[in-house]
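Work through the exercises below with the structure open beside you. Try each task before reading its solution.

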Amino acid sequence: MNARQRVEEKKPSILVVDDLAFNLEVMEGLLFKEGYRVLTALGADSALGIIEKSPVDLAILDVMMPGMNGYELCKRLKNLSGRRFFPVILVTALNELEDKIRGLNAGADDFLTKPFHTIELTTKIRSLLRLRKMQSELDHSEDIIMTLAIAIEAKDVYTKGHSERVGTLSMEFGGYLGLSDDDRHLLFKAGVLHDIGKIGIDDYILHKSDDLTEKEMRLVKEHVIIGENICTPLQSAKNLRPVIRHHHERWDGAGFPDGLKAEDIPFFARIVAITDSFDAMVSIRPYRAPYSIQEAITMMENEQHTGQWDPTLIEHFVTMMTNQLGCDR
Ligand SMILES: [Fe+2]
């Protein structure tokens, strides 16, 4: 790649979609002058082809197009771009509230009503690109913490892979319970991060094979508070913090750190309490050999009403795991 190509690559890229070639040419000239890399598509099909091949920073879609209209295309493009924030501006000839509501429902981030002024267009683009940059920085910092959580436990043979497994199992369990994709994604992240506070606990205590002293036990319990504090500056982890703080609460109120009882314990924390315990049971520990999956299921089933876990959730979890075991046989 030569220097000129590198400069081109660094420019924000904008996909413009319209069914009229003339409109595309006008928009292309205008955005090019503003210093953007412009990709044009004559209609929705061509736009979908482009976005699958090359990443784009923002899309400007004409609403009135034959075949797939701008609303539909907006939904498709948002889905294709995954969880990243992908800004879309809808261009419409109408200025009806109903059209805007339809656009918002399709996930549009802003609107332009024809005829529009160049400065209106460039201001909207700049502000959405700024938002997108902030979002990706946020994603990046979240990724760093997730990687850190996995790296911390990787050095320890007893906990290696535990958080990732808890994340995956929690997400799976969320799916079994019929939760939305967003909730399942949140459960995965919460599972990965639930024990991140152990970074602040002495390795000697974490790896001790003898019984812990009262003081050591108190220190271990601190990991839920430390974990919550680590994630506090991260706005995007706001919904994860209750899971990190409360994954050791017990249904009967005898858990820690707050002694919450039954449904006062956040729902996702009750889920992770189960998946965390299950993974701990089937993993090797300094003080015991692992249980088999069947043994762990039976133990959880027997303890359904002893007060540790949400009895309804345990019932579902046991059914899910038993079904899985049946399929694996
Ligand atoms: Fe924990």
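The exercises that follow concern a predicted model.

**Exercise 1. Cis peptide bonds**

Find where the cis bonds from Lys-114 to Pro-115 and from Phe-256 to Pro-257 sit.

Solution. 
- Step 1. Recall the background: most peptide bonds are trans.
- Step 2. Check the bond from Lys-114 to Pro-115. Its omega is near -5°, and the bond is cis.
- Step 3. Pro-115 belongs to the loop between β5 (110–113) and α6.
- Step 4. Check the bond from Phe-256 to Pro-257. Here omega is near 10°, again cis.
- Step 5. The loop between α12 (241–246) and α13 (267–281) holds it.

**Exercise 2. A phi value to explain**

Solution. 
- Step 1. Most residues other than glycine have a negative phi.
- Step 2. Ala-262 is not a glycine, yet its phi is positive, about 45°.
- Step 3. Locate Ala-262: it is in the loop between α12 and α13.
- Step 4. Judge the exposure. Buried means under 20% and exposed over 50%. Ala-262 has 23% relative accessibility, so it is partly exposed.

**Exercise 3. A phenylalanine cluster**

Which residues do ring pairs link into a cluster with Phe-317?

Solution. 
- Step 1. Start from the total: the model has three aromatic pairs.
- Step 2. Take Phe-173 and Phe-317. Their centres are 5.2 Å apart and their planes 75° apart, an edge-to-face pair.
- Step 3. Take Phe-278 and Phe-317. This pair is also edge-to-face, with 5.3 Å centre to centre and 75° between the planes.
- Step 4. Phe-278 counts as buried at 5%.
- Step 5. Join the pairs. Phe-173, Phe-278 and Phe-317 form a cluster.

**Exercise 4. Salt bridges across the chain**

Trace the salt bridges of Lys-114, Lys-124 and Arg-245.

Solution. 
- Step 1. Begin with the count: twelve salt bridges.
- Step 2. Lys-114 meets Asp-62, 3.4 Å from N to O. Asp-62 lies in strand β3 (residues 58–62) and Lys-114 in the loop between β5 and α6, so the bridge ties together parts 52 residues apart in sequence.
- Step 3. Compare the two ends. Asp-62 is buried at 5%, whereas Lys-114 is partly exposed at 32%.
- Step 4. Lys-124 bridges to Asp-110, with the closest N and O atoms 3.1 Å apart. Lys-124 is in helix α6 and Asp-110 in strand β5, 14 residues apart. Lys-124 is buried at 17%.
- Step 5. Arg-245 pairs with Asp-258 at 2.8 Å, N to O. Arg-245 is in helix α12; Asp-258 is in the loop between α12 and α13. Asp-258 is partly exposed at 37%.
- Step 6. A salt-bridge network links Glu-228, Arg-245 and Asp-258.

**Exercise 5. A buried arginine**

Which backbone oxygen lies 3.0 Å from a polar side-chain atom of Arg-132?

Solution. 
- Step 1. Find Arg-132 in helix α6 (residues 118–154).
- Step 2. Read its accessibility: 13%, so Arg-132 is buried.
- Step 3. Identify the partner. The backbone oxygen belongs to Phe-85.

Methods: Residues are numbered from 1 along each chain as its sequence is written. This is a predicted model: local features need pLDDT of at least 70, side-chain atom pairs count only at pLDDT 80 or more; totals for chains, interfaces and linings use all residues. Side-chain values use heavy atoms; hydrogens and water are left out. Helices (H or I, at least four residues) and strands (E, at least two) are DSSP runs, numbered from the N terminus. Buried means under 20% relative accessible area, exposed over 50%, partly exposed in between (1.4 Å probe, protein chains only). A polar contact is a pair of N or O atoms within 3.5 Å; within protein, one must be able to donate a hydrogen and the other to accept it, and residues adjacent in sequence count only if both atoms are side-chain atoms. Rings of Phe, Tyr and Trp (its six-membered ring) pair if their centres lie within 6.5 Å; planes under 30 degrees apart count as stacked, over 60 as edge-to-face and the rest as tilted. A salt bridge is a side-chain nitrogen of Lys or Arg within 4 Å of a carboxyl oxygen of Asp or Glu.
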